[in-house]
Amino acid sequence: MVGGSAAAAILFLVVVMHFASATSYSTLLTGLSPAQTGKITSTLDTKGIPYQIQNNGTALAVASGSTAQARIALAGAGLLGSSSNQPGFELFNSQQLGASNFQQQITYQRALEGQLDQTIDQIQGVNSAQVNLVLPNPQDQLFASTTQSASASVLLDSSSLAPGSVQGIAQLVASSVPSLDVNKVTITDQTGQLLWPTSNGSGASASGLLSKQSAQQAYDAQMAAQITAVLNQTLGPGKADVQVNADLNTNQSTMNSLTYARKGVPLTTQTTNETLTGTGGTGGKAGTAGNIPAYAATTTGNSNYKNTTANTTWGVDKTITNTTVAPGAINSQGVSVLVDKSVPASELPAIRNAVAAAVGLNAKRGDTLSIAQIAFAKPATLPTGGAMTKYGSYLKYVALGLATLFFMFFVSRKLRRREREEFAGEPTWLSELNAPRRLAAIEGGNDELSELTQLRPPVNDARRQIEELVERDPDRVAQQVRAWMSED
């Protein structure tokens, strides 16, 4: 049993150590073509880097400790990030002599598509990408009426991609193709869902605006995280849960205002002065007497004429203001706070005031705040990460096997020691009984035999000893009986 247990424990330890020391692989490239897989594996074999082929030859995984070395080796060979099936600008490395303008244009378009494929494949979260471009014909550029704008379509194979990453891909494609507007870029995923332009049918998100749903989710998560952090510092971790549901106005608007000043501003001022100075004068009676030549005219007095005229053109002081209102205004919001039963009820008013101030609660626009106190469930104890988590289930069996080995070792040791102590020497009475004796000595008795008889019960002690001797060693007793019979 001890040997079998030791062998089983050693075998178990060998198996556990084998799995513990096995090389772990991490995926380095996906969406590979068979030709590219052959080139990459040849390069890794040359550098002596262990690898594995996954997903039927379309993915490559290398040892976790050799990831950096594999990237350097593949980058030096020009194979890193080239998971696209379509080549890039390396098409011009083997340009044919005498190619027509049409062939050169097609080659340039293919090279640009392949280069964009390789660039998008390096974005985190993108497994593979396929870019199709529609470039305007250079011959059509001579006539403005027939000019065709460039467009692009991108097919992404991705697990999860944030809206910001999709916007970045659209901007990347638009910036890489001449005369390509970002609104002319169409991005879809492997399920056919339209990722770009946005659901409103325009590329409004290219100006940095998120959709209403994304903006509300971001605002709710940010406010809930801030309030939860404040409550965790005051009440303790896991004592409060906060949820925020806000209605945001994500429409961008422009406001134009015209303001007139109360006091006018003089624009132009014109002043006219008239002056006349003279001596003497002409006077007479009005009527016939003054108009008949027979009557002599009389001149009397001096003249001094002066006239001033002022003309001012007034202007109105006005101010024209053009304001672009950024989206993100809060129409209304609802805040829900759940507090654990362990928190005293006397602290709820202070919590309400703190939360209302943190979120900027405004009852006039319809904001609501709800605080409830319930008993929280105890959090489940989760195992910590790391190597101990992975091999923790094996370690308990190893400990159990070692404990069994130690138990069997000490038990066997104790049994052997006890056996040596019990059978180290033969008892005196047994050696006396085993020795041949005469019947007269047994019947008469002696001191030695009397000492031996004291070890047995007083009732028929001799007979009991003889019976025990017969049961234990019948051959020896028969030999002794034959010796007694021969003496008679």
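What follows is a chat about selected features of this predicted model.

Biologist: I'm new to this one, so before we start, what kind of model is it?

Modeller: It is a predicted model, and the values I quote below are computed from it.

Biologist: Okay, let's begin with the backbone. Which residues does the cis peptide bond join?

Modeller: The cis peptide bond joins W196 and P197, with an omega of about -5 degrees. If you want to find P197 in the structure, look in the loop that runs between strand β7 (194-196) and helix α6 (212-235).

Biologist: And what about S179, what is its phi near?

Modeller: The phi of S179 is near 55 degrees, which is a positive value in a residue that is not glycine. S179 sits in the loop between α5 (163-176) and β6 (185-188).

Biologist: Is S179 buried or exposed, and why?

Modeller: S179 counts as exposed because its relative accessibility is 58%, and the cut-off for exposed is over 50%.

Biologist: Changing topic to charges. How many salt bridges does the structure hold?

Modeller: The structure holds one salt bridge. The partners are D367 and R365, and their closest N and O atoms are 2.7 Å apart.

Biologist: How covered are D367 and R365?

Modeller: D367 is buried, since its relative accessible area is 8%, whereas R365 counts as partly exposed because its relative accessibility is 30%. The reasoning rests on the limits used here, because buried means under 20% and partly exposed lies between that and the exposed range.

Biologist: Which residues make up the positive surface patch?

Modeller: The positive surface patch is formed by R413, K414, R416 and R417. Taking R416 as one of them, its place is in helix α9, which covers residues 387-422, and R416 counts as partly exposed because its relative accessibility is 42%.

Biologist: Then the greasy side of things. Which residues form the nonpolar patch on the surface?

Modeller: That patch is formed by L13, L402, F406, F409 and F410, which together have about 470 Å² of accessible area. The largest share of the nonpolar patch, four residues, comes from α9.

Biologist: Where does L13 lie, then?

Modeller: L13 lies in helix α1, which covers residues 2-20. With a relative accessibility of 30%, L13 counts as partly exposed.

Biologist: What is the relative accessibility of F409, and what is the relative accessible area of F410?

Modeller: F409 has a relative accessibility of 40% and therefore counts as partly exposed. F410 is partly exposed as well, with a relative accessible area of 46%.

Biologist: What about A345 and Q373, how far apart are they in space?

Modeller: A345 and Q373 are 8.3 Å apart, C-alpha to C-alpha, and 28 residues apart in sequence. A345 has its place in the loop between β13 (329-340) and α8 (348-359), and A345 is exposed, with a relative accessible area of 52%.

Biologist: One more, then. In which loop is N362 found?

Modeller: N362 is found in the loop between α8 and β14 (368-374), and N362 counts as partly exposed because its relative accessibility is 31%. The C-alpha atoms of N362 and Q333 are separated by 8.9 Å, with the two residues 29 residues apart along the chain.

Key
Residues are numbered from 1 along each chain as its sequence is written. This is a predicted model: local features need pLDDT of at least 70, side-chain atom pairs count only at pLDDT 80 or more; totals for chains, interfaces and linings use all residues. Side-chain values use heavy atoms; hydrogens and water are left out. Helices (H or I, at least four residues) and strands (E, at least two) are DSSP runs, numbered from the N terminus. Buried means under 20% relative accessible area, exposed over 50%, partly exposed in between (1.4 Å probe, protein chains only). Patches are made of residues with over 30% relative accessible area and no salt bridge: like charges are joined within 9 Å, nonpolar side chains (Val, Leu, Ile, Met, Phe, Trp, Tyr) within 5 Å. Accessible areas come from the Shrake-Rupley method with a 1.4 Å probe; for residues, only the protein chains shown count as cover. A salt bridge is a side-chain nitrogen of Lys or Arg within 4 Å of a carboxyl oxygen of Asp or Glu. Lys and Arg count as positive and Asp and Glu as negative; His and the chain ends are not counted. The place of a charge is taken as NZ of Lys, CZ of Arg, CG of Asp or CD of Glu.
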